[in-house]
Amino acid sequence: MTAFQIILMGLLIICAVSVSFSKNLLNAILIYMSFSLVMSMLWICLESPDLAITEAAVGAGITSVLFFVTLKKIHAIEGTEPSKKEEPKDE
Amino acid sequence: MSKKRPASEYQKTFAFRFFRWLSGSKDPYLGEVEMHPQKEFRADPEAALRHEKEHDAILDKVYNPERNMEMKLFHKLYHATSIIFCLFLIALLLVTISWLPASGTIERPANNEVAERYIEKGLEETGAVNIVAGMILDYRAFDTLGESHVLFTATITVLILLRLNKTEKDEAELSDRRFEPKNDAILQLVATFLVPVIIIFGIYIILNGHLGPGGGFSGGAVIGAGLVLYLNAFGFKKTERFFTEKTYKWVCFFSLSFYCLAKSYSFYTGANQLHSVIPKGTPGAILSSGLILPLNIAVGLVVACTIYAFYAMFRKGGF
Amino acid sequence: MGPNLLANYGEAVSAVLFCIGFTNLLLQTNLIKKIIGLNIMDSAIYLFLAEKGYIAGRAAPIVVDGVTSAEAYINPIPSGLVLTGIVVSVSVTALMLSLTIRLYTRYHTLDLDEISTQLKKEGR
């Protein structure tokens, strides 16, 4: 179990560092999602199943969905940029 | 008894002039001092253009980090300082951690008599098999009440920040639908099978909160995720049949006030050594552990509605 | 250096994660990445708290077969605290993301430096 925990913690650090260095926002959010999943596996190793189930539903599910909707809202995902004539108007 | 004066005579008196001066109804310089009417200001188009160009050049020189040496220096200094600070912080934390008692042993200060008491008396006093659920919904129920209110307050704040009026909302909905696959067959078929399963799983997690891992928060989040999937597959027209602003308002109102009243009753009886009428039931049965099951349901409803509301507000600024 | 750095590897990892998140907050100029950095800091704190309550060789705090002696289960208090924290962090994330959307509709950029430059150019 200890070796498994150490591997998971290594994955956590790798995920956190690669979030900081990824250029694309979509990639950053996907990596953050996997960070949450690794975290929820770690909760199982630490004997807290309550936390694992909450982290999997909330951290990997809801938070990432909110991030994705934000990206879509600000047209940062490729293919959803508004065409020229409906460029957002200045207030 | 003073007699009434005619108006023309009154206008000559000192009192009339004094009050007129006091109220400022007559310009004292008008007709007394020589005056020229002011010339109308007409901007010289060339000068205005030159002025604007100079203004832009100055702004560019001041705020462009390529041109402004001070700003460049500040950026470099800021980066260096923050990296040094973070390395210092990491070293400090690691040194502190190295002096803590070893992980996984019983000698840590956190494992004191409070935790012992919760474990030994928890099943007997709350009736919940899951000690964490018994702790957060019985011993520390105030904490959870505050947390549900945090969710509610966050929804209100997001609503204030992202709210659009009626015409803007319709426009936002139109542009929102434009980039979506309309009536995606694969997504709809998958959603038809998955959404009921996800929602039933969420209900299972909520109802078993006192028997196993889970509870109101995780189950509510799972139900909210199911609703979001349903919304994505079938669009706002379908979801608005059962979930509108009114639904959110009443569900949150009833859940939070039920939580308040139920917990007030149990705190009141507990503090006054009265006999509580709520039965504990046999531990392990689904209808047991007193108030924990209804409180879990209330919290789950609030969380599910909040998550759906967040998503709908991010999508079209209202729900 | 104290004697227990290797034994406390979980806490050491949480300290490193905390600093990575903090560096993200300080050095990233993109608002979304700043928010992710804050979330990583949150997770690091939760990991630290959960490590505090973990006792090797004991089971999760769910009563099995009516055994209610304190020697059988781990400490349930950190679990309760972290459960509260996770749900609050979602609300905080949603609030920050909605503020980001507002900033984007006003300034059409996510870069914090550019936003502050535009603010200064407007003379505020």
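The radius of gyration is taken here over C-alpha atoms, and the rule for a globule is 2.2 Å times the number of residues to the power 0.38. With that in hand, select chain B: a compact globule of 319 residues would have a radius of gyration near 20 Å, whereas chain B has 35 Å. What you are looking at is a predicted model, in which local features need pLDDT of at least 70 and side-chain atom pairs count only at pLDDT 80 or more, while totals for chains, interfaces and linings use all residues. Residues are numbered from 1 along each chain as its sequence is written, and chains are lettered from A and ligands numbered from 1 in the order in which they are written.

**Stop 1: chain B as a whole**

**Stop 2: the nonpolar core**

Next, select A:Ile62, B:Ala221, B:Val302, B:Tyr308, B:Phe310, B:Tyr311 and C:Leu17, the residues with the most contacts inside the largest nonpolar core, which has 115 residues. Such a core is a set of buried Ala, Val, Leu, Ile, Met, Phe, Trp, Tyr and Cys residues joined through C-beta atoms within 7 Å. Helix H13 (residues 292-316) of chain B contributes the largest share of this core, 19 residues. Centre the view on B:Tyr311: apart from neighbours within four places in sequence, B:Tyr311 is in contact with A:Val65, A:Val69, B:Val228 and B:Leu231, contact meaning that the two C-beta atoms, placed from the backbone, lie within 7 Å.

**Stop 3: chain A and two of its residues**

Now select chain A, whose secondary structure comes to three helices and zero strands; of its 91 residues, 41% count as buried. Go to A:Glu47, in the loop between helix H2 (25-45) and H3 of chain A. A:Glu47 has a positive phi of about 65° although it is not a glycine. Most residues other than glycine have a negative phi. A:Glu47 counts as buried because it has 23 C-beta neighbours inside 10 Å.

Move on to A:Pro49, which sits in helix H3 (residues 49-73) of chain A. Is A:Pro49 buried or exposed? A:Pro49 is buried, because 21 other C-beta atoms lie within 10 Å. Leaving aside neighbours within four places in sequence, its contacts are A:Ile44, B:Pro213 and C:Ala60.

**Stop 4: chain C and the faces it shares**

Select helix H1 (residues 9-27) of chain C, whose 19 residues should span 27 Å at 1.5 Å a residue, and whose end C-alpha atoms are 27 Å apart, which agrees; the expected span is 1.5 Å times one less than the number of residues. Because 14 of the 19 residues of H1(C) are buried, this helix is largely enclosed by the rest of the structure.

Show the contact between chains A and C, where 36 residues of chain C meet 32 residues of chain A. H3(C) gives the most to the side of chain C that touches chain A, with 14 residues. By class, that side of chain C has 23 nonpolar, nine polar and four charged residues, counting Ala, Val, Leu, Ile, Met, Phe, Trp, Tyr, Cys and Pro as nonpolar, Asp, Glu, Lys and Arg as charged, and the others, Gly among them, as polar.

Then show the contact between chains B and C, which takes 49 residues from chain B and 49 residues from chain C. On the side of chain B that touches chain C, the largest share, ten residues, comes from H4(B), and by class this side has 34 nonpolar, nine polar and six charged residues.

**Last stop: C:His108**

Finish at C:His108, in the loop between H3 and helix H4 (112-121) of chain C. C:His108 has a positive phi of about 60° although it is not a glycine, and C:His108 is partly exposed because 15 other C-beta atoms lie within 10 Å.

Key: Helices (H or I, at least four residues) and strands (E, at least two) are DSSP runs, numbered from the N terminus. A residue is buried if 20 or more other C-beta atoms lie within 10 Å of its own, exposed if 12 or fewer, and partly exposed in between; C-beta atoms are placed from the backbone.
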